[in-house]
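Visitor: Could you show me how to read charged side-chain pairs in a model, starting from the general idea and then turning to a case?

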Amino acid sequence: MILDVIGPVIIGPSSSHTAGMARLGRAFRYLFNDLSEGDVPLKVEIYLNSPLFSTYRGHGTDRALIGGVLGIYEWQEELKSSIEIARSKDMSVTFYESSFEGKHPNTIMISGVSKSESHYLIGASTGGAAVEITEIDGARVSISGKYPTLIIKNLDTPGALSKIVTTISMKGINISNLVLVRTNRIRGEAVCIIEMDSEPSKDLVGFLRGLQDVLHVAYLPVLAIP
């Protein structure tokens with residue numbers, strides 16, 4: 001069934017249980033640098049908040065989340081077959097019930113591994129296809145997916161943030177929001193979340209990945225559009 005719910009065209013019965021979940025799955029996929037189009041993580045584990053766990057199969061939440069991880073958009077017919085597609089690509093998928101006390105009822109965590117990377121993401125589908133991502137790889141964040149966003153893991157050393165910001169500014173891109181979170185004091189690591197007013201080029205993302213103090217760069221396009 002295709003529903004047009006005041007804006008988002010979706011496959012499935014509910015924008016919060018389908019469209020938002022597909023967007024969270026897609027955000028998780030974007031964390032991996034080593035996944036090209038058609039590639040999938042080797043293993044994915046999805047933890048659903050208890051209120052969500054009791055209905056996730058009936059609402060198609062499982063197919064939406066897996067579809068997002070595969071790179072399928074919420075309006076594409078393939079979303080209905082996402083679990084079968086994942087199985088055909090030998091992607092291991094497991095769902096668990098979990099408790100996210102104090103969080104939105106539709107909170108989930110996705111963790112997974114590829115050949116060379118491992119990541120996790122915690123977020124919620126908050127209604128009307130909107131999402132809020134609250135944690136990525138140990139960094140507490142607040143990402144709505146409404147802006148092009150860079151997630152940069154860097155060494156927590158003097159000058160590291162300045163190099164990142166200067167590189168972006170030199171390309172004429174305005175930074176709308178910036179948050180720096182220290183994630184590991186012992187290893188001296190931090191995560192920089194940068195929301196921008198326009199999309200960065202592939203060359204800029206590649207250049208940022210090559211900066212001396214940068215360890216990992218993930219780019220999240222606006223989640224509401226292709």
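Guide: Side chains of opposite charge can pair when their charged atoms come close. In this predicted model, R23, R26 and E74 are linked in a network of salt bridges.

Visitor: How far apart are the closest N and O atoms of R26 and E74, and which parts of the chain does the pair link?

Guide: The closest N and O atoms of R26 and E74 are 2.9 Å apart. The pair links distant parts of the chain, with R26 in helix α1 (residues 15-30) and E74 in the loop between α3 (61-70) and α4 (82-88), 48 residues apart.

Visitor: Are R26 and E74 buried or exposed?

Guide: Buried means under 20% relative accessible area, so R26, with 1%, is buried, and E74, with 0%, is buried as well.

Visitor: What is the relative accessible area of R63 and of E84, which form a salt bridge?

Guide: R63 is partly exposed at 27%, and E84 is partly exposed at 36%. Their closest N and O atoms are 2.9 Å apart.

Visitor: Which strands hold E189 and K153?

Guide: E189 lies in strand β11 (residues 189-196) and K153 in strand β9 (residues 149-155), 36 residues apart; the two form a salt bridge whose closest N and O atoms are 3.6 Å apart. Here E189 is buried, with a relative accessible area of 10%, whereas K153 is partly exposed, with 32%.

Visitor: How many salt bridges are there by this rule?

Guide: The count comes to 9 salt bridges, and the mean positions of the 21 positive and 24 negative charges of the protein are 3 Å apart.

Definitions and conventions: Residues are numbered from 1 along each chain as its sequence is written. This is a predicted model: local features need pLDDT of at least 70, side-chain atom pairs count only at pLDDT 80 or more; totals for chains, interfaces and linings use all residues. Side-chain values use heavy atoms; hydrogens and water are left out. Lys and Arg count as positive and Asp and Glu as negative; His and the chain ends are not counted. The place of a charge is taken as NZ of Lys, CZ of Arg, CG of Asp or CD of Glu. A salt bridge is a side-chain nitrogen of Lys or Arg within 4 Å of a carboxyl oxygen of Asp or Glu. Helices (H or I, at least four residues) and strands (E, at least two) are DSSP runs, numbered from the N terminus. Buried means under 20% relative accessible area, exposed over 50%, partly exposed in between (1.4 Å probe, protein chains only).
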